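I opened the notebook to keep track of what I looked up, one entry at a time. Here is the structure I was reading.

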Amino acid sequence: MSKVVIVGGGLAGLSAACELLERGCSVTILEKSHNLGGNSSKATTGIAAPGSEVQKANGITDSGADLIAAEPICKEMVQQGSKDVDWLLNLAGCKDEMVLRLTPGHGKVARTLGTKDHFPGAVVTYAVMHQLEKIAKAKPDKLKIVTSATVSKLITEGNKVVGVEYQAGGAAKELGLVLIATGGFAGDTSPASLMAKSAPQLLQMPTTSDERTNGDGISLCSDVKAATQNMGNVSMYPTSAMIPGMESDKFKIVLSDAIVGAGGKLINGDGNQFVNELETAQARAEAMSKSKGPFRIVISEKDADAVKWLCDFYVSRNVMKKFSSAAMLAGEMKVPAGNLASLGAGPVLAAMVTPAIYTCAGGLAVDHGKVLTGTGTPIEGLYAAGEVTSCPCPRAWSASGVPLLYSIYSGRMAGITAATALGAKEKLMELSAVASAEEKKEEKPSKKPEDMTREELLAYCKDLESRPAAAPVADAGPPGVTMEEVAKHNKKEDAWVVVNGEAIDVTKWISIHPGGEQAIMAYLGKDATEEWNMIHKPGTVEKNAQHLTMKGKIGGGGGGAPAAAAGGGGGLTPEDVAKHNKKEDAWVIVNGDALDVTKWIPIHPGGEQAIMAYLGKDATEEWVMIHKPGTVEKNMQHLKNMGKVSGAAASAAPAGGAVDDSPPPPDGDGGIPGIFGACLYLLFNVALMLLRTIFFTGNFKLDNNRNGTMRSAIFLLTFTIVHALGNFVDMLGGPDELNGEGYLFDRIHWTGALGMAKDFPFSVVEEYLALGLLLHVTVALKRSYDITIGYTIATGRWNMLLSGLVVLTFLTKHLQDFRFYPEWDYVEIGAPPLLINFGGILQGHVFTDPSGPTVKARDLYTREVALFKDLNTVLGYSLALVLFVTHLCLGWKKLVPADAMQIPRDHQQKVIYIGWFAAAAIAFMYGSVPWYVYFAKPAVVKNIVVPLPK
């Protein structure tokens, strides 16, 4: 059979498929993801194409001479590749959507093909996918597309590759020549990865590639003795985004080079330009390694108008931040405003950036698409294209848009070579004609199995074995729209898509879709949830309701395997979910829905381990304890709802930990920038939290509501600051001040028990402190039991609990040492008329008044000396203090971003630093007391014999 099996549905695989189909070959595309497109569909800058038809239409003559002069070996790729780009854009019908961009690595020549209002990778791949899917529907014998298909093995006969084995709802085989287009290995930095073997020095670097680029195609071919070349040629991208709050995340988002081409500047931590922004990616990354961070891409709003869609997109995703002027940005950076004078007057946009692993120029050794062995001999029946192969042009590779140029060029070349091997040496028709072309078929009389000869029966059975296993029939779900019904509406004039479990009629929206028609046409009759949530803001459906018609929830009617599952038809079982229990293929059950959380794991705010523990399982109880309602909806760009699960737990009522009706913290700086704004919002919200703590805590029942720990923590922290300051003042003021502070608490004992018990031993302050501590400890223990008990110590989830228990133990001892010490001596001091001697503060008399009446007070100073002249006691107190401050800092970092605190997002990191500074001050004030007493000579204190009356 004249068939080629293409493994991988990115731009290289799609280009190869188009070439093969135009030559009359049959094609099967196996894609491991849910949709075609691969990483190519996420490309943000464009395709480098010297001499393209778009350039010529704009009066630009360009042969790519600069690229060729710098690296002569790239001549064929540059010259032929540009023709291949024109070919692909014309057959896809999207050439008119392309615009020229000036981008790094190409001097002053605008030769990169981008798009005005969308990601260019998405526009091109969707347009090609749309053409191919029309063919697959009209001519399934000519083109078969299988998604969610994981290839496990290359089938060989001797030294010849004759097909593949794969999993897609069951084990299956596909026979034919094999063309590998699975992408590179830049997304896998695990210890056993190809990256670890080829470029171990980069393992700690972040990466812009997702889990799909794991080198699986290279591993498949290595099993049949394929050779690799230049595996150490890993390209760095200098401007991957540092999103606030996600700075430590491994996965980074690419900030499009089109912004640099439009006038964006790369500046260092001093606000200075230190490299030509139009240098190649590798050159810019190397310059960054020699300069001072943090780094930013900055662009004036005027220049940004040329790439407005991109900048608006990045601002909406908190990747870029808008400043009213360059001076405001300079203020945040703490650099002279003159350093940013080149940005001019008016608003500016800025994004924090860092170098990250980008793509791989090394891979399988190939010759015009033929995969080679170590001796340079082609492996019969095996071809490869795109990033899975070794590109011989590492310098050109580092220029913007060249990886996509290489994908199209190498994809088409591999398609030509494979077609030639099948005898298809000429182009037979345009791709657009394939779907309607009539083919002469030799009619063969059909026979029933019982009428077949032995040879015919064996051949029939072999053919059945080679077909994909049938997926289990979905159970009938609740009444609703089925995926079969949605699939019928797949034309421009009758167009439905599924988004977040809803069938939506988008017919009226196609012609006015901001991302272009092709971006939505590719998903007609299908589930577009993943792509929709990646591109669109929440609320897009509601905002465009006049152009959209909601047709109903997806459910009922079964509908066959993957489609029904994706739509939520209730056809999944817990056993189905249990199969997806690996980091690279991760599902969990939440409220009866199967969620694919693969993309969420690396960016999960609670850390990877918090979600890894529940892969393949029902995580409903844990989920509702920790997450607020709406978390799934808010994170749909990282999650995919795979459908209802039969027999799974129904939607659970939110646990106490999830009940928090506070709105999310406001974006931006709340209108008050800088450290002043951070301090103001901190003081205001702490005061508000204190009032809520005093008058209402929300914990009149024993549950794990996080508000209980947060409000009590604020109250206890406020007292701690006051107490630490008082102890420090006592140390400076001498014995009378320390004893005077003790007397302050003794003289307000009358406030205890609501003032109704004479000589009550505790004041209202001590009562409230005890209640606050009890609330904090009990809720923390309840939350730990509900949430943390299933984790190991190594996950870090026990840090707060363990440090808190140590602090509680120490506090118990401290109270025994002082507050509940039974054998006090007494002294006489002068008492101020009020609790504090406001008139004597400047003279060092805060808690005493030498001119005031003499009263009897407990001798805390002598007790303090007795304790702290012992070195072991001082060391014990110091160690406990370190653990207390550690507990305080860990808790503060979790508390500040909480919804209940309402700290504007741009101030949160500053407020965290302010809290840590306060913790250091507390540590100094508390810690200085025992060490001062240990080293200082004790003062002489005159005790009196008569004790205070009880």
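**Entry 1: the chain as a whole**

I began with burial: of the 950 residues in the chain, 52% are buried. I kept in mind throughout that this is a predicted model. I then looked up the secondary structure and found 33 helices and 31 strands. For contacts with a separation of 6 or more, I noted that 75% join residues 24 or more positions apart.

A reminder to myself: nonpolar side chains tend to be buried together in soluble globular proteins.

**Entry 2: aromatic pairs**

How many aromatic pairs does a search of the whole structure find? My list came to 21. I picked out Phe728 and Phe924, a tilted pair with 5.7 Å centre to centre and 50 degrees between the planes. Phe728 belongs to helix 27 (residues 706–733) and Phe924 to helix 33 (residues 905–935), so this pair ties together parts that are 196 residues apart in sequence.

Next I looked at Phe762 and Phe820. Their ring centres are 6.2 Å apart and their planes stand at 75 degrees, over the 60 degrees that the class requires, so I logged the pair as edge-to-face. This pair also links distant parts of the chain, 58 residues apart. Phe762 sits in the loop between helix 28 (735–746) and helix 29 (764–788), and Phe820 in the loop between helix 30 (799–817) and strand 30 (826–830). Phe762 is partly exposed at 29% relative accessibility, and Phe820 is partly exposed too, with a relative accessible area of 47%.

I also wrote down a cluster in which ring pairs link Phe119, Trp309, Phe313 and Tyr314.

**Entry 3: arginines over rings**

Which arginine lies over the face of Trp87? I found Arg412 there, 4.1 Å from the ring centre. Over the face of Tyr821 I found Arg863, at 3.9 Å from the ring centre.

**Entry 4: helices 32 and 33**

I came back to helix 33 to see how it packs with helix 32 (residues 871–895): the angle is about 170 degrees, and the axes are 10 Å apart. That angle makes helix 32 roughly antiparallel to helix 33. On the helix 32 side, the residues that meet helix 33 include Leu871, Leu881, Phe884, Leu888 and Trp892. On the helix 33 side they include Val911, Trp916, Tyr926, Pro930 and Tyr934.

**Entry 5: Glu380**

My last stop was Glu380, in strand 21 (residues 378–384). Glu380 counts as partly exposed, at 49% relative accessibility. Where are its contacts, once neighbours within four places in sequence are left aside? They are Asn159, Lys160 and Val161.

Technical notes:
Residues are numbered from 1 along each chain as its sequence is written. This is a predicted model: local features need pLDDT of at least 70, side-chain atom pairs count only at pLDDT 80 or more; totals for chains, interfaces and linings use all residues. Side-chain values use heavy atoms; hydrogens and water are left out. Rings of Phe, Tyr and Trp (its six-membered ring) pair if their centres lie within 6.5 Å; planes under 30 degrees apart count as stacked, over 60 as edge-to-face and the rest as tilted. Helices (H or I, at least four residues) and strands (E, at least two) are DSSP runs, numbered from the N terminus. Buried means under 20% relative accessible area, exposed over 50%, partly exposed in between (1.4 Å probe, protein chains only). A charge sits over a ring if NZ of Lys or CZ of Arg is within 6 Å of the ring centre and within 35 degrees of the ring normal. Axes are lines fitted to C-alpha atoms, for helices over the stretch in contact, and angles run from 0 to 180 degrees between N-to-C directions. Angles under 35 degrees count as roughly parallel, over 145 as roughly antiparallel, 65 to 115 as roughly perpendicular and the rest as oblique. Contact means heavy atoms within 4.5 Å.
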